[in-house]
Amino acid sequence: MALQITQSCVNCWACVDVCPNDAIYQETPHFLIDDGKCTECLGDHSVPQCAAICPIEMAIVNELGEFLNPPGSLTGIPIEKLKEFGLWREAA
Amino acid sequence: MELPVISNNAPAAEGGGCSSSGCGTAPDALGHLPDHIRAKVQDHPCYSEEAHHYFARMHVAVAPACNIQCNYCNRKYDCSNESRPGVVSELLTPDQAIKKVLAVAAEIPQMTVLGIAGPGDPLANPGRTFETFEQLSERAPDIKLCVSTNGLNLPQYVDRIAQHNIDHVTITINCVDPEVGAKIYPWIHWENKRITGVEGARILIEQQQKGLQMLTDRGILVKVNSVLIPGVNDEHLKEVSKIVKAKGAFLHNVMPLIAEPEHGTYYGIMEQPEPTPEQLQDLQDACAGDMAMMRHCRQCRADAVGLLGEDRGDEFTLDKIDVMDVDYEAAMVRRKVVHDEILEKLDAKRGIVKPKAEGIPEGSRPVLMAVAGKNGVVAEHFGHAKEFLIYEASPEGVRFISHRKTELYCGGMDSCGDGDVVEAGATESLLDRNIRVLEGCEVVLCSKVGYEPWAKLEAAGIAPNGEHAMEPIEDAVMAVYKEIAATGKLLPAAESLKVA
């Protein structure tokens, strides 16, 4: 099991510093998670750290492609507004 | 340790609360600080209004990560055309940052300060931040170091800050009440969890206040930045000002919220209003009774280079620095000479008596004037001014109020000569916009004004004045104020007649 980073990533480095497994590495066009190292923080923390600090909605997904921070969950901007500004996606 | 707080109320000094040079309160105010503290701020452009005319600073963008979300910030920070906090073009590693600082400090010998301000939170990037400071203090020990932070990680790093001789710290404190904070900060990352709402704000506020106290206890100078968000924290900031003063912060910088929908921030998209210049000034004045207010902040980018109000970052991109041939030792010697010369000039100016409001009848109302100024004198053509300095003249004297940014409507032949035809309509609307920027001002002082803007300014009730070119700003403002006073227009009776 491993999490993945999507194209929404803005390369802010926040997840790199909090990952307990050093699983996140710099890549172009955005950071990636080494699925051989990622444990989704099981045994280390109660929640995956990358998803707990990531400031960007839709940037981290699980193996099912589900957003750990879905649209509107971090900023509180209502879905209608996100759609109006082209900031909404249904799936990764 | 109790740090002395600068007062904005010029003491017994004659002529009220203004100075003869640059803008506003600082030279007087700094005069009241013990020498060791004055020495720390007199060449720091972000701490001293006077210094910002002469000394330059730069920020290096080595700190991308952040541990909180603010409703006025969007973490998609990569943009070259915007000038506002949190925006940078090029992230740097500590090694690249050092190379850049040394190149800039060689090219711009007025440079005294290196700050790390983001684009995230420097203390959420402790490795990159402290490595940069450490390397620079070895290679250019004459450059002052400073850091800006949201305060969440501050208590944990106060000792390292002290150890690296970082003697200027800016904390952004927008509230001291978690209920207010919950409207500004949707979440924080704390002890391996994302904490939302009032609880997140409560922890952040607690850490900020604790960090502030720890810094001032160690004699480190603290400036507090607050973002004025109308309807959210406007009244509350008066309380913030009192509290941070009591904890020993020596300067409070209240900045206007920037909230444009195209920035993609929560406040921008939700159409949260920005404060008007009047709202900002009223609040700064209200807080000024409690502590010294900073009014010359330009809300610069996290990779700004040069004097406040100008940005020379484009001259120092990584590819350009790579081909620069820099003699570091010679540059440091040259900086010393340049810094000493400026300080000598400032010392000489400190003794100059400010223009007095003699002959102004008591009860005369104050007048706001906009000045196209540079280096403390009325210097710029109306159409070339990138910003106007706003001064208030009153029977108390002249004081600096704020700066207001403009859009250039005339770039001269340089920008028009390459085939870009500026349409008449577009030119005109920029001029109209500039005139709107001057709302509330009755006079605009500049070196020259063209015929078209002259007529439009007059029509808008703003008297253009090009008669004081190259004169010290405060002398010019006072001279014009006296002329208006002589017409009797400033007395309440004249006002009521005018209304009738």
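Helices (H or I, at least four residues) and strands (E, at least two) are DSSP runs, numbered from the N terminus. By that count, chain B holds 17 helices and 17 strands. This is a predicted model, in which local features need pLDDT of at least 70, side-chain atom pairs count only at pLDDT 80 or more, and totals for chains, interfaces and linings use all residues. Residues are numbered from 1 along each chain as its sequence is written, while chains are lettered from A and ligands numbered from 1 in the order in which they are written.

**Chain B overall**

A residue is buried if 20 or more other C-beta atoms lie within 10 Å of its own, exposed if 12 or fewer, and partly exposed in between; C-beta atoms are placed from the backbone. Chain B has 500 residues, and 50% of them are buried. Two residues are in contact if their C-beta atoms, placed from the backbone, lie within 7 Å. Take the contacts in chain B between residues at least 6 apart in sequence: 72% of these join residues at least 24 apart.

**Where the chains touch**

In chain A, 18 residues are in contact with 18 residues of chain B. On chain A's side, α1 (14-18) and α2 (49-53) each supply at least two residues. The most come from α2(A), with 3 residues. By class, chain A's side has 12 nonpolar, 4 polar and 2 charged residues. Here Ala, Val, Leu, Ile, Met, Phe, Trp, Tyr, Cys and Pro count as nonpolar, Asp, Glu, Lys and Arg as charged, and the others, Gly among them, as polar.

A nonpolar core is a set of buried Ala, Val, Leu, Ile, Met, Phe, Trp, Tyr and Cys residues joined through C-beta atoms within 7 Å. The largest has 117 residues, and B:V101 and B:V222 touch the most other members. Helix α3(B) gives this core its largest share, 8 residues. Leaving out residues up to four places away in sequence, B:V101 touches B:M58, B:V60, B:L114, B:L136 and B:A140. Another core, of 37 residues, lies apart from it; B:A385, B:F400, B:C441 and B:A485 are among its members.

Helix α3 (residues 94-107) of chain B also holds B:K100. B:K100 counts as buried because it has 26 C-beta neighbours inside 10 Å. Beyond its neighbours within four places in sequence, B:K100 is in contact with B:V60, B:L92, B:F316 and B:I321.

The expected span of a helix is 1.5 Å times one less than its number of residues.

| Helix | Residues | Length | Span, first to last C-alpha | Expected span |
|---|---|---|---|---|
| α10(B) | 277-288 | 12 residues | 16 Å | 16 Å |
| α16(B) | 473-486 | 14 residues | 20 Å | 20 Å |

In α10(B), the buried residues are B:L280, B:L283, B:Q284 and B:C287. Seen down the helix axis, they fall within an arc of 100°, so they line one face of α10(B). The arc is that of the directions from the helix axis to the C-beta atoms. An α-helix has 3.6 residues a turn, so residues three or four places apart point the same way. The buried residues of α10(B) pack against β8 (221-228), α8 (236-246), β9 (251-256) and β15 (397-405) of chain B.

The buried residues of α16(B) include B:I473, B:E474, B:Y481 and B:A485. After α16(B) comes B:G488, with a positive phi near 80°.

**Strands side by side**

Two strands pair if DSSP finds at least two bridges between them. In chain B, 7 strands form an open sheet with mixed pairing, in the order β9-β8-β5-β4-β3-β1-β10. β9 and β10 (305-306) of chain B stand at the edges with a single partner strand each, so one side of each has no neighbour in the sheet. Inside this order, strand β5 (residues 168-172) and β8 of chain B pair in the parallel sense over 5 bridges. There B:V169 stands opposite B:V222.

Strand β11 (residues 367-371) of chain B has 4 of its 5 residues buried. β11(B) pairs with β14 (residues 387-394) of chain B in the antiparallel sense over 5 bridges. With β16 (residues 443-445) of chain B, β11(B) pairs in the parallel sense over 3 bridges. B:A370 stands opposite B:I390 in β14(B) and opposite B:V444 in β16(B).

**Backbone exceptions**

Most residues other than glycine have a negative phi, and most peptide bonds are trans. The bond from A:T28 to A:P29 is cis, with omega near 5°. A:D22 has a positive phi, near 50°, and is exposed, with 9 other C-beta atoms within 10 Å. B:N165 has a positive phi too, near 60°.
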